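Here is a short report on a sheet and the helix beside it. Look at the sequence and structure first.

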Amino acid sequence: MSLDLDLDAVGALTNFSVGTLDGRDAMMVIELAATPDDYRQGIRHQMPVAMTPEHARELGEALLMVAKAARMGATPSEAMN
């Protein structure tokens with residue numbers, strides 16, 4: 001599956017926090033700047049995301065995998081869940 005992304009519309013992660021909900025589900029709050037102008041002006045948006053422990057584990061593993069790939073340089077990537 002190919003992604004058709006407008007890279008000008010991709011927000012920049014500026015911060016995040018994680019925790020649990022009722023001791024059962026995982027919770028993550030993503031803070032991002034939606035546009036380059038928002039970033040320059042210090043405007044941030046927060047998006048809370050709840051997920052099962054399994055999804056949290058899969059997300060963590062996927063982020064580790066893509067971080068490793070990003071260190072390897074420019075290589076096409078079409079990994080999606």
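In strand β3, P48 is the bridge partner of V29. This is a predicted model, where local features need pLDDT of at least 70 and side-chain atom pairs count only at pLDDT 80 or more, while totals for chains, interfaces and linings use all residues. Residues are numbered from 1 along each chain as its sequence is written, and side-chain values use heavy atoms, without hydrogens and water.

Strands (E, at least two residues) and helices (H or I, at least four) are DSSP runs, numbered from the N terminus. Two strands pair if DSSP finds at least two bridges between them.

| Strands | Residues | Bridges |
|---|---|---|
| β1 and β2, antiparallel | 12–21 and 25–33 | 9 bridges |
| β2 and β3, antiparallel | β3: 45–51 | 7 bridges |

P48 touches M27, M28 and V29, leaving aside residues up to four places away in sequence. Contact means heavy atoms within 4.5 Å. The C-alpha atoms of P48 and M28 are 5.8 Å apart, though 20 residues separate them along the chain. P48 counts as exposed because its relative accessibility is 53% (buried is under 20%, exposed over 50%, partly exposed in between; 1.4 Å probe, protein chains only).

Now the β1 and β2 pair. A12 stands opposite A33 in β2. L21 faces D25 in β2. The hairpin has 3 residues between its strands, and D22 takes a positive phi near 55 degrees.

The 3 strands form an open antiparallel sheet, ordered β1-β2-β3. β1 and β3 are the edge strands, each pairing on one side only. The twist averages 20 degrees from one strand to the next. Helix α2 (residues 53–71) packs on the sheet and touches β2 and β3; its direction makes about 120 degrees with that of β3. Axes are lines fitted to C-alpha atoms, for helices over the stretch in contact, and angles run from 0 to 180 degrees between N-to-C directions.
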